[in-house]
Amino acid sequence: MRDAINEMRKESGRPPLTEEELPTATEDEEWYYYADHAIRSIREELGKGIIPEKGTVTWY
């Protein structure tokens, strides 16, 4: 996540954040990120009219 933030900043012409400025995710926030990926995938399938019974979500 930290690398992604600095990549976005670089792309928009802004300087990268220092180690002290970069946010650090808490354990609760990390679990939220995992859940968000699963929920997003389910919503996409439902939007296509598909009711998923099982599945896998991967990202990098």
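**Close-ups of a predicted model: charge pairs and surface patches**

**View 1. Arg 40 and Asp 36, one turn apart on α2.** Arg 40 and Asp 36 sit about one helical turn from each other because they are four residues apart in helix α2. All of this comes from a predicted model, so treat the distances as model values. The two side chains form a salt bridge, with 2.6 Å between the closest N and O atoms. Neither end is buried: Arg 40 is partly exposed at a relative accessible area of 44%, and Asp 36 is partly exposed too, at 25%.

**View 2. Lys 10 and Glu 7 pair up on α1.** Here the two partners are three residues apart in helix α1, again about one turn. Lys 10 counts as partly exposed, with 49% relative accessibility, and Glu 7 gets the same label at 41%.

**View 3. Glu 45 reaches Lys 48.** This pair is also a salt bridge, its closest N and O atoms 3.7 Å apart. Glu 45 is partly exposed, with a relative accessible area of 23%. Lys 48, on the other hand, comes in at 58% and so counts as exposed, since the cut-off for that label is over 50%. With this one, the model's salt bridges come to three.

View 4. Glu 27, Asp 28, Glu 29 and Glu 30 gather into a surface patch of negative charge. One of them, Glu 29, is found in helix α2, which covers residues 27-47. Glu 29 has 34% relative accessibility, so it counts as partly exposed.

View 5. Met 1, Tyr 32 and Tyr 33 together make a nonpolar surface patch of about 330 Å². Met 1 belongs to the segment before α1, the helix of residues 2-11. Its relative accessibility is 49%, so Met 1 counts as partly exposed, the exposed label being kept for values over 50%.

How values were computed
Residues numbered from 1 in each chain as written. Predicted model: local features only at pLDDT ≥ 70, side-chain atom pairs only at ≥ 80, totals over all residues. Heavy atoms only, no water. Patch = residues over 30% accessible without salt bridge, like charges linked within 9 Å, V, L, I, M, F, W, Y side chains within 5 Å. Areas by Shrake-Rupley, 256 points an atom, 1.4 Å probe, with all protein chains shown as cover. Salt bridge = Lys/Arg side-chain N within 4 Å of Asp/Glu carboxyl O. Lys, Arg positive; Asp, Glu negative; His and termini not counted. Charge placed at Lys NZ, Arg CZ, Asp CG, Glu CD. Helix = DSSP H or I, 4+ residues; strand = E, 2+ residues; numbered from the N terminus. Buried < 20%, exposed > 50% of the residue type's maximum accessible area, 1.4 Å probe, protein only.
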